[in-house]
Amino acid sequence: MVLDKDTAKKVAELLLQINAIKLKPENPFTWASGWKSPIYCDNRIILSYPVIRNHIRQEMAKQVEALYGKPDVIAGVATGAIGIGMLVAEELGLPFVYVRPEAKSHGRQNQIEGYLEPNQNVVVIEDLISTGKSSLNAVTALREGGANIKGMVAIFTYGFDVAAANFKEANIELHTLSDYDHLVEQASETNYIIEEQLNTLMDWKKDPSQWK
């Protein structure tokens, strides 16, 4: 869920500006899942632009406080949200941990890196939500570590129905700075895309797993 339309459009504008989000309806990308897609999102590039990363950091910190007050800990999902999660924790003056996709096979075999006490209130930071499975895998690990998950705040979501269903099943509240609909709206209004490309982007959103 996007809290503020102006914020959503501004964040979409910034992501397009630095090519964190690439739109190529005429030459689709292939995701790791095998899905064909006219859009590719890599929010890690935000970290290379100080002004933009500071804006994202401040907006995410504001959302965390507005929604949850100050939790005990901020958790980032590896690897994409480690950087931005740490920045949000710094902005709020809070401890930070991050969660690996799976436990290490050596050393202490940690999945959660950092210090986390049982029953601490945790807000999870994510960079991108597609189906939500990897994000919710981190939530499961944190819960198994004794954390009380207040919710998740992400930079961007594609807004897939399957993600909404996955978050509902996991009983996790998700809020994002921006989403696919606001991105497409911003791209269209600023002539970043033409009408034919807009139609392609809207068609893909209807059934992304089957789109070719």
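Guide: Let us begin with a definition: strands are DSSP runs of E with at least two residues, numbered from the N terminus. The model is a predicted one.

Visitor: How do you know that the length of helix 4 (residues 133-144) agrees with its number of residues?

Guide: At 1.5 Å a residue, its 12 residues should span 16 Å, and the end C-alpha atoms are 16 Å apart; therefore the two agree. Just after helix 4, Gly146 takes a positive phi of about 95°.

Visitor: Why are Ser135, Leu136, Ala138, Val139, Ala141 and Leu142 of helix 4 called buried?

Guide: Buried means under 20% relative accessible area, so these six names carry the term because they fall under that cut-off. The buried residues of helix 4 pack against several elements, including strand 5 (73-77), strand 8 (121-129) and helix 5 (161-170).

Visitor: Which residues touch the most other members of the largest nonpolar core?

Guide: Ile74 and Leu142 do, in a core of 67 residues. Beyond its neighbours within four places in sequence, Leu142 is in contact with Val97, Val99 and Ile149, among others.

Visitor: Which element gives the most to the lining of the largest pocket?

Guide: Helix 4 does, with five residues. That pocket has a volume of about 710 Å³.

Technical notes:
Residues numbered from 1 in each chain as written. Predicted model: local features only at pLDDT ≥ 70, side-chain atom pairs only at ≥ 80, totals over all residues. Heavy atoms only, no water. Helix = DSSP H or I, 4+ residues; strand = E, 2+ residues; numbered from the N terminus. Expected span 1.5 Å × (residues − 1). Buried < 20%, exposed > 50% of the residue type's maximum accessible area, 1.4 Å probe, protein only. Contact = heavy atoms within 4.5 Å. Core = buried A, V, L, I, M, F, W, Y, C linked by side-chain atoms within 4.5 Å. 1 Å grid on protein atoms, 1.4 Å probe; cavity = no way out; pocket = protein on both sides within 12 Å on 5 of 7 lines; lining within 4 Å. Points joined across faces, edges and corners; volume = space filled by probe spheres on them.
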